[in-house]
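Please find below a colleague's note on the structure shown here, arranged as numbered points for someone meeting it for the first time.

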Amino acid sequence: MPLPFYIVDVFAEHKFAGNQLAVFRASTQLTTEEMQAIAKEMNYSETTFILSESPQSEGYNVRIFTPEQELPFAGHPTLGTAFVLQQMIIQDSVSIVRLNLQVGQIPVTIEYADQSIDMLWMQQNQPTFGMGLDRAEVASILGLSLDQIDDRFAIETVSTGVPFLIVPLKTQDALQQAKVNKDLFFQRIKTMDAKAILVFCPEPLNAANQLSVRVFADGLGIPEDPATGSANGCLAAYLVQHAYFGQTEIDIRVEQGYMIGRPSVLFLRASQENQTFDISVGGKTILVAKGEFV
């Protein structure tokens, strides 16, 4: 039976930017092994499978795969799949689409302009803050000098569903020079929950943005990701936890993907009050192609 799919660019301001995503209208008859094989065939950062075309507990059952493994949660697949659900299955101007993922039900809020989808926002789970790492060790892993890492802020793991190691850098030059030493990296992550690194700096290439980000996810089978909603949700939590901008509330634009030719823009809104966080990651999604596996 043919398997319909859609390709969308997520966190993109125009076609052929942002992070590519393949979304399949599948069924529960498709096995985990078959879904993993399809994800490897597509070879995007992630591929998703919609397993229910009617709500189950008010949400749609969805599974997410990288080319190498299944993920309990990921940002751009959540937004991109919600876009496809609204456009192709629901076909009504609903304000919220809920996805049932392994981490639980994630609501995606949809904003419209002239009856077309303008922005999608996903609410992130409460963050957990994990182990910190030594600056010298991280500098070696990233091929940087000690003074290129911003020592005013911690290097630590943060998770809102998938853990990332957050590393603050001082300059755009340092961000561009960062290159993962895979031997050191794979040795280090043996004892860490985080299998990916987000590095960021306060010198964006586009003056409309506040931060510039890169995400290295070799541990998930993705050398560098062009736009990572889950990682930027962790970054949002980190920014308010450490009052990076001098306050515990942010509403900012973050750029990613410039180094690999897929410029992306992610919108981060977050606040913290009495150790309770409110975190949303938003962006635009554009339909690029549709077809079917035979």
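How many cavities of 30 Å³ or more does a search of the whole structure find?

1. The search finds three cavities of 30 Å³ or more. A cavity here is a set of points, on a 1 Å grid over the protein atoms alone, where a 1.4 Å probe fits but cannot get out, whereas a pocket is an open set with protein on both sides within 12 Å along at least five of seven lines; lining residues have an atom within 4 Å of a point. Grid points are joined across faces, edges and corners, and a volume is the space filled by probe spheres set on the points.

2. The basis of these values should be kept in mind: this is a predicted model, in which local features need pLDDT of at least 70 and side-chain atom pairs count only at pLDDT 80 or more, while totals for chains, interfaces and linings use all residues. Residues are numbered from 1 along each chain as its sequence is written, and side-chain values use heavy atoms, with hydrogens and water left out.

3. The largest cavity has a volume of about 110 Å³, and of the 18 residues that line it, E46, F164, D225, T228 and S230 lie nearest its centre. Helix α2 (75-90), strands β13 (211-217) and β14 (222-225), and helix α6 each supply at least two lining residues, with α2 giving the most, at three residues. Helices (H or I, at least four residues) and strands (E, at least two) are DSSP runs, numbered from the N terminus.

4. E46, one of the residues nearest the centre of that cavity, is found in strand β3 and is the position at which UniProt, in an unreviewed entry, places the feature "active site". UniProt positions are given in the numbering used here, with feature names shortened, and annotations may be inferred rather than shown by experiment. E46 counts as buried because its relative accessibility is 5%; buried means under 20% relative accessible area, exposed over 50%, and partly exposed in between (1.4 Å probe, protein chains only). Leaving aside residues up to four places away in sequence, E46 touches several residues, including Q20, I64, F65, H76 and I222, where contact means heavy atoms within 4.5 Å.

5. Strand β3 (residues 46-50) is joined by four bridges to strand β4 (residues 60-65), and the two run antiparallel; I50 has V62 in β4 as its bridge partner. Two strands are said to pair if DSSP finds at least two bridges between them.

6. Strand β4 also pairs with strand β6 (residues 96-101), in the parallel sense and over two bridges, and N61 stands opposite N100 in β6. With strand β5 (residues 70-71), β4 pairs in the antiparallel sense over two bridges; F65 stands opposite E70, and a hairpin of four residues joins β4 to β5.

7. Is helix α6 largely enclosed by the rest of the structure or largely exposed, and why? Twelve of its 13 residues are buried, so α6 is largely enclosed by the rest of the structure; among them are G229, S230, C234 and Y238. The end C-alpha atoms of α6 are 18 Å apart, which agrees with the 18 Å that its 13 residues should span at 1.5 Å a residue, the expected span being 1.5 Å times one less than the number of residues. After α6 comes A243, whose phi is positive, near 45°.

8. G229 lies in α6 (residues 229-241) and is buried, with a relative accessible area of 0%. Not counting residues up to four places away in sequence, G229 touches F11, G75, H76, M122, Q124, L266 and V281. The C-alpha atoms of G229 and Q124 are separated by 9.6 Å, although the two residues are 105 apart along the chain.

9. The largest pocket has a volume of about 230 Å³. Of the 13 residues that line this pocket, M1, P2, L3, S27 and L30 are the closest to its centre, and β1 (3-10) and α1 (32-42) each supply at least two residues of the lining.

10. F16 sits between β1 and β2 (19-25) and counts as exposed at 58% relative accessibility, while Q115 lies between β7 (104-113) and β8 (116-123) and is exposed, with a relative accessible area of 76%.
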